[in-house]
Amino acid sequence: MKGIRYQLKSVLRDKFCLMTFLLPVLIAAALHFIGSIDLSSLGEYHFGVLANDLSPQAVAWLERYGTVTVYGTPDELTDAIREPSTNTIGVRADGTGIRTAIAGDELAVFRQAAATLPGLYEHRDERAEVRTLERPDLLKSLQNLFIPAVLIVAMFMGCTFNAMNIISEKEDGVALVNGILPLTPGQYLAQKIAVGFLCGSLSAAATACVCFRLSWQSAGLLLALTVQSSFVAALLGLLIGRFSDDLMAGVVCIKAVMLAFLAVPILYTLLELSGPLAVLCRLTPSQPAFEGILALYVGDLGAAAAAAGRLAIHAAVWLALCLLLLARCGRQASR
């Protein structure tokens, strides 16, 4: 118990570890806040017209599709169209019709609107069947990936905690003292993964509380995913710290592991992989965790339970590998 308290004190002095603990929670809070903002106004059309140029009927017709701003001189209208921060479409009278002017740096949807607007105005009096479609939520589809990705980062923070802690002990000479202590591989493993496991679990739990509102059954499955993911991450951090020669090598390994943890499940989901590639993706510990979180997000408890079972297999395999490697290192050190 004293060893665990010492590890906790060491972590609290490390600003990098504290940042990695709080970062997923802050990102989750930002996503939760952004998801409540109405971004529909970003897709509105903005038209610029000259005073006394278009008829009142034409201006009223434009106001049906967006906001209309009246400018006093052609130069003011040109400056508004060329302003890089806007997507203003200039509208001028052209005989009985209208013509549009754009800067060319607008989004594709606004360029297409500018090209079709004169034709729409020309046929404005023709009768046609109008069907109003529901405006899609701009962030809904992205949140389905953002929230599990943030939770994956939080769950696997224990990798960073353990790796940085062990590397710091190597550089400070504490590892030499640990090498002569009467610790079995199991005791060393328990002492080293405890801090990373606890901190990763707490970070993931805090992030989940921000992102999810779950029933007790769903919360139990999420807890199982969180605990097992944090345990696997702590084991991986132990291996990285054990076999990294210095801080730079450890940071590179941590970044590579985190990139794999995020990229593999996201690409698997976006590309809908199958066959041998899908099997390879499932060898990554973050894949079943990501699948389980997605299943909980859509309310599929059966799929979430199956993902938790696959994650338990990962935890058992990585635990056995860590014990084997530590025992082997101990035998080599005793020779």
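## Surface patch, helix crossing and salt bridges

L267, L270 and L271 together form a nonpolar surface patch with about 320 Å² of accessible area. Patches join residues with over 30% relative accessible area and no salt bridge, nonpolar side chains (Val, Leu, Ile, Met, Phe, Trp, Tyr) within 5 Å and like charges within 9 Å. Areas follow the Shrake-Rupley method with a 1.4 Å probe; for residues, only the protein chains shown count as cover.

The structure is a predicted model, in which local features need pLDDT of at least 70 and side-chain atom pairs count only at pLDDT 80 or more, while totals for chains, interfaces and linings use all residues. Residues are numbered from 1 along each chain as its sequence is written, and side-chain values use heavy atoms, with hydrogens and water left out.

L270 belongs to helix α11 (residues 247–271); helices (H or I, at least four residues) and strands (E, at least two) are DSSP runs numbered from the N terminus. At 54% relative accessibility L270 is exposed, where buried means under 20% relative accessible area, exposed over 50%, and partly exposed in between (1.4 Å probe, protein chains only).

The axes of α11 and helix α13 (residues 286–298) approach within 9 Å and cross at roughly 55 degrees. Axes are lines fitted to C-alpha atoms, for helices over the stretch in contact, with angles from 0 to 180 degrees between N-to-C directions. The two helices α11 and α13 are therefore oblique to each other; angles under 35 degrees count as roughly parallel, over 145 as roughly antiparallel, 65 to 115 as roughly perpendicular, and the rest as oblique.

A salt bridge places a side-chain nitrogen of Lys or Arg within 4 Å of a carboxyl oxygen of Asp or Glu. By this rule there are three salt bridges, tabulated below.

| Pair | N to O distance |
|---|---|
| D53 and R92 | 3.4 Å |
| E291 and R282 | 3.3 Å |
| R310 and E291 | 2.4 Å |

R310 lies in helix α14 (residues 301–334) and E291 in helix α13, so this pair links distant parts of the chain, 19 residues apart. R282, E291 and R310 are linked in a network of salt bridges.

N52 lies in the loop between β1 (45–50) and α3 (56–63). This residue, N52, has a positive phi of about 60 degrees although it is not a glycine. N52 is exposed, at 84% relative accessibility.
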